[in-house]
Amino acid sequence: MSTPGPQRARSAAAKQQRERAILDAARTLGTERSVREVTLTDIAAAVGMHKSAMLRYFETREQIFLALTAEGWEDWSAALRARLGGLADGDSGIDADTVAAVIARSLVARPFFCDLLAQAPLNLERNVSLDSVYEFKTVVLGEVASVAVELCRILAISERSAIDVISTATSMAGALLQMAAPGTRLRTLYESHPELAHALVDVEPQLTRILTALLAGLRATATPTPPSAQA
């Protein structure tokens with residue numbers, strides 16, 4: 001006799017466990033490959049479910065990865081705020097270079113999150129319900145606000161400027177990672193042909209340079225205003 005497949009989750013707790021298993025499988029697959037290469041069939045196979053059964057828990061593969069993007073924002077925001085808070089506690093003269101390097105390093109250390117950042121506006125948000133987009137954006141805007149408060153506090157820039165820094169950092173991190181094409185045949189091609197050296201993107205130093213210039217300009221020209229008091 002064949003072994004029966006996973007039974008449908010009956011309780012709220014069982015449903016949450018099944019959703020967590022699906023998210024974890026998608027994270028593993030997306031980390032091993034890239035987000036755009038992982039199909040719903042791949043995720044279903046990893047958790048031992050039929051693809052049609054997955055639709056009881058997530059409306060599309062994009063909803064799965066959008067949920068992981070929201071979790072990525074929460075993780076990155078918490079880690080960055082802790083690191084920036086440590087800088088503020090130990091250094092009364094924080095310069096743009098230091099903050100830029102911290103932000104860039106925090107993003108480059110999370111390549112899967114950077115991949116999701118690139119995919120979210122192009123694909124993920126466009127293939128889910130508006131309710132899912134609203135839920136996702138609510139999480140993201142909350143984390144942006146929290147990071148902005150910390151940047152305003154340690155750099156004496158306006159809230160609008162802080163939000164611009166966060167938007168630039170996250171969008172450029174996603175784009176530069178795609179351009180760098182780590183672990184792909186494209187990267188091998190770039191590395192093996194000296195005439196293509198301009199295509200070799202080293203994400204962390206390039207992102208650091210961009211953010212350093214942006215922060216230096218904002219600090220030189222902006223009139224600080226108190227950030228909104230948001231957690």
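1. Three aromatic pairs are present in this predicted structure. A pair here means rings of Phe, Tyr and Trp (its six-membered ring) with centres within 6.5 Å; planes under 30 degrees apart are stacked, over 60 edge-to-face, and the rest tilted. Trp73 and Trp76 make an edge-to-face pair, because their planes stand at 80 degrees, with the ring centres 5.6 Å apart.

2. Trp73 and Trp76 lie three residues apart in helix α4 (residues 61–90), so about one helical turn separates them. Helices (H or I, at least four residues) and strands (E, at least two) are DSSP runs numbered from the N terminus. Trp73 and Trp76 are both buried, where buried means under 20% relative accessible area, exposed over 50%, and partly exposed in between (1.4 Å probe, protein chains only).

3. Trp73 also pairs edge-to-face with Phe113, at 5.9 Å centre to centre and 85 degrees between the planes. This pair links distant parts of the chain: Trp73 belongs to helix α4 and Phe113 to helix α6 (residues 111–122), 40 residues apart. Trp73 counts as buried because its relative accessibility is 7%; for Phe113 the relative accessible area is 4%, so Phe113 is buried too. Trp73, Trp76 and Phe113 together form one aromatic cluster.

4. The largest nonpolar core has 67 residues, of which Ile43, Phe65, Ile103, Leu107 and Leu151 touch the most other members. Such a core is a set of buried Ala, Val, Leu, Ile, Met, Phe, Trp, Tyr and Cys residues joined through side-chain atoms within 4.5 Å. Leaving aside residues up to four places away in sequence, Ile103 touches Trp76, Leu80, Leu151, Val165, Ala169 and Leu211, a contact being heavy atoms within 4.5 Å.

5. The protein chain has 10 helices and zero strands. Of its 231 residues, 43% count as buried. Among contacts with a separation of 6 or more, 72% join residues 24 or more positions apart.

6. On confidence, the protein chain averages a pLDDT (the predictor's confidence in each residue, from 0 to 100) of 89, and 89% of the residues score at least 70. Residues 1–5 stay under 50 and have zero contacts beyond four places in sequence. Where pLDDT is low, the predicted coordinates should not be read in detail.

7. Residues are numbered from 1 along each chain as its sequence is written, and side-chain values use heavy atoms, without hydrogens and water. In this predicted model, local features need pLDDT of at least 70 and side-chain atom pairs count only at pLDDT 80 or more, while totals for chains, interfaces and linings use all residues.
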